[in-house]
Amino acid sequence: MTREISMGQAIHEALFEEMERDDTVFFFGEDVGEAGGVFGETQGMQQKFGAKRVFDTPIAESMIVGAAVGAAITGLRPIVELQFADFVSVAMDEIYNKAAKWRYMHGGLFTVPLVIFAAEGAAGGAGPEHSQCPEALFYSAFGLQVVTPSTPADAKGLLKSAIRSDNPVLFLEHKALANTSGEVPSGEHLVPLGVADVKRSGSDVTIVAWSNMVLRALEAASELAADGISVEVVDPRGINPLDMDTILASVRKTGRVVLAHEAAVTGGPASEVLARITEQAWDWLQSPVKRVGAPDIPMPQSIALEQRVVPGTSDIVAAVKEII
Amino acid sequence: MSDSLALYEMMVRCNVWEQKLLWMIDEGLVSGFFHAGRGQEAIPVGACSVLREDDYLLYAHRGIGYLIAKGLGMEKLFGDFLANSAGTTGGLGAGIVHIAWPELGILGQSGTLGGSFPIATGAGLSAQYRGTDQVVLTFFGDGTSARGTLHESLNASKLWNLPVIWLCENNGVGATVANERMLANQDVADLALGYKIPAVTVDGQDVEAVQSAVQTAVDRARNGGGPTFIEAKTHRFRGHYEGDPQLWRDRDELRRLRKEKDPIVLFADRLVADGRASADQLASITTSVRAEVDAAAELALAAPPPADDRIYQGVYA
């Protein structure tokens, strides 16, 4: 049994179900209490679970994430919200050095089961500090898991797995996907962290896409099918753990690769995957690998300019045609 | 042993342990990556003496008194500095920053100074959430009090009435720079006033004064009275790290401090003057502690180094 629901609803369900299942799970962050979260993800949660388990914090991102680390190493499973994913930089020490490394540097004596929930991506004029997709910053945050769902089913299943994970997880929901809808299984639905999903099967070219760009890649694949080009779309569902086996299997099948994400090309998620493909699948490549991403600039605030920066379906189609 | 002799013994233990470690540094067995705690023993010993085993500790990097006084085996401490399998981190860590022991509430230390403040807040939040009466004792230096994380954490701890004790060891110098050139206000306890957190300043060379102040704070926290801020004014007898030439320091003043402000000597004198102990009793405590420390060092020195695959263990759960 499945139902068609939005990603926002899927996330809502995941949070409510996990809060009900495990009373060591609790949620805190800016505007998440009565207001229900700036993106509505905690709507009704404080009313249902009480102010002890869902509460507002001061505007203090370092404290929010660091407190989650402190709560996690003393037996709880906190979920903290950073609102805009750009704010990871305010709490960078707490994410990069504390959440990610506390277990390792203290000899594996602790587990750090926390989720950092943040909304990423361009959403219509939010400006350079409220529109970024920062996942690739965390390739080197060894100890941290980073998840980027593209469908409501993935969002629900990945978030539930993230909450149950004994590792710290940065969960990045793209703002533009909140109102997209899709089939989500009824009842318990878990998606394991670190398993890529082949969203569409094909034989001529592989598009590896993240988050919002998975939808654009699927549109591109449909357009290209009309030209007789068979496209496989692989969604890594995050950057760590990174399921290179699934990506490499697809590359070996098609011999051609386009990598697509909303973050700027330089230092974006594709850079590391491209490096691994050349190291591990060079012999199968029939043409150079192409990257599709934003130009190397901060996101402009003007909506018109923002829409020129965010890669679109036509950019992906053009990239595929260049290498086919 | 009486409580006051136990305090004395614990301070001696910290000092003798450190002397042994300095010997290990001289012998090339341990890196010089150590920030000696000589002169400040009264603070961790007095403070930890009123904690329960299940209370939480986030420690600072000056000396190892916090850990010995919280009950951690001295051979484990040596093992962490020797970077071998006797250490709490099983040979991964090589010094003060990495030591932890969850069973004793020792939550570790943040390598970035000030990184412990939010974690202490979270541990306090956790105790409150779980409905226990555990308290969190957080040590930090005056230099670290300049971090913004302290502001965020003081605010939250008062706002949420968390059982956290903020204990600043103010030795007048942050690393190698005197506080006159670092802090707009060198009376660090004043920071707490801005958050309406009860604050007290104590003589950090007086182990009983520290004990009494922390006892009041612990009672307040356990009874739901929220956080307390304690500033212990103290003196550092050695450099920031071993090998620090301390060029900023007046040698005569340092000699005077060592002579007049040694917390162990001051306490010994008081115990004898009060008739709480005889000089012979105190001397025999030192003798037995030396034997205890030597035995711990011997155990740790005999432990094997970690295997190469140790580097891959514990990245993820």
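Visitor: How many salt bridges are there between chain B and chain A?
Guide: The count between chain B and chain A is zero. A salt bridge here is a side-chain nitrogen of Lys or Arg within 4 Å of a carboxyl oxygen of Asp or Glu. Note that this is a predicted model, in which local features need pLDDT of at least 70, side-chain atom pairs count only at pLDDT 80 or more, and totals for chains, interfaces and linings use all residues. Residues are numbered from 1 along each chain as its sequence is written, chains are lettered from A and ligands numbered from 1 in the order in which they are written, and side-chain values use heavy atoms, with hydrogens and water left out.

Visitor: Which elements of chain B touch chain A?
Guide: Strand 1 (56-58), helix 5 (116-130) and helix 6 (148-159) of chain B each give two or more residues to that side. Helix 5 of chain B gives the most, with nine residues. Helices (H or I, at least four residues) and strands (E, at least two) are DSSP runs, numbered from the N terminus.

Visitor: How much area do chain B and chain A bury between them?
Guide: About 3,200 Å², with 67% of it on carbon and sulfur atoms. Buried area is the accessible area (1.4 Å probe) that two parts lose on being put together, summed over both. On the chain B side, B:Ile119, B:Tyr129 and B:Tyr316 lose the most area to chain A, together 24% of what that side buries. The contact, meaning heavy atoms within 4.5 Å, takes 42 residues from chain B and 44 residues from chain A.

Visitor: New topic. How is chain A divided?
Guide: Chain A has domain 1 (2-185) and domain 2 (197-322). The bounds come from an automatic or database domain assignment. The C-alpha centres of these two domains lie 26 Å apart.

Visitor: What area is buried between domain 1 and domain 2 of chain A?
Guide: About 2,100 Å², of which carbon and sulfur atoms give 56%. A:Tyr139, A:Thr148 and A:Ser150 supply 27% of the area that domain 1 buries against domain 2, more than any other three residues.

Visitor: How many salt bridges does the rule find across that interface?
Guide: Two, between domain 1 and domain 2 of chain A. A:Lys199 also forms a salt bridge with A:Asp154, if you want a pair to look at; the closest N and O atoms are 2.6 Å apart.

Visitor: OK, cores. Which residues touch the most other members of the largest nonpolar core?
Guide: A:Ile277 and B:Phe229, in a core of 82 residues. A nonpolar core is a set of buried Ala, Val, Leu, Ile, Met, Phe, Trp, Tyr and Cys residues joined through side-chain atoms within 4.5 Å. Buried means under 20% relative accessible area, exposed over 50%, and partly exposed in between (1.4 Å probe, protein chains only).

Visitor: Where does the largest share of this core come from?
Guide: From helix 3 (residues 61-72) of chain A, with eight residues. Domain 1 and domain 2 of chain A both give residues to this core, so it lies between them.

Visitor: Is A:His261 buried or exposed?
Guide: A:His261 is buried, with a relative accessible area of 1%. This residue lies in strand 13 (residues 257-264) of chain A. A polar atom of the A:His261 side chain is 2.9 Å from the backbone oxygen of A:Ala263.

Visitor: Which peptide bond is cis?
Guide: The one from A:Asn240 to A:Pro241, with omega near 0°. A:Pro241 is found in the loop between strand 12 (238-240) and helix 8 (244-254) of chain A.

Visitor: What about phi of A:Gln83?
Guide: Phi is near 60°, a positive value in a residue other than glycine. Most residues other than glycine have a negative phi. A:Gln83 lies in strand 4 (residues 77-84) of chain A and counts as buried at 7% relative accessibility.

Methods: Polar contact = N/O pair within 3.5 Å; in protein donor to acceptor, adjacent residues only side chain to side chain.
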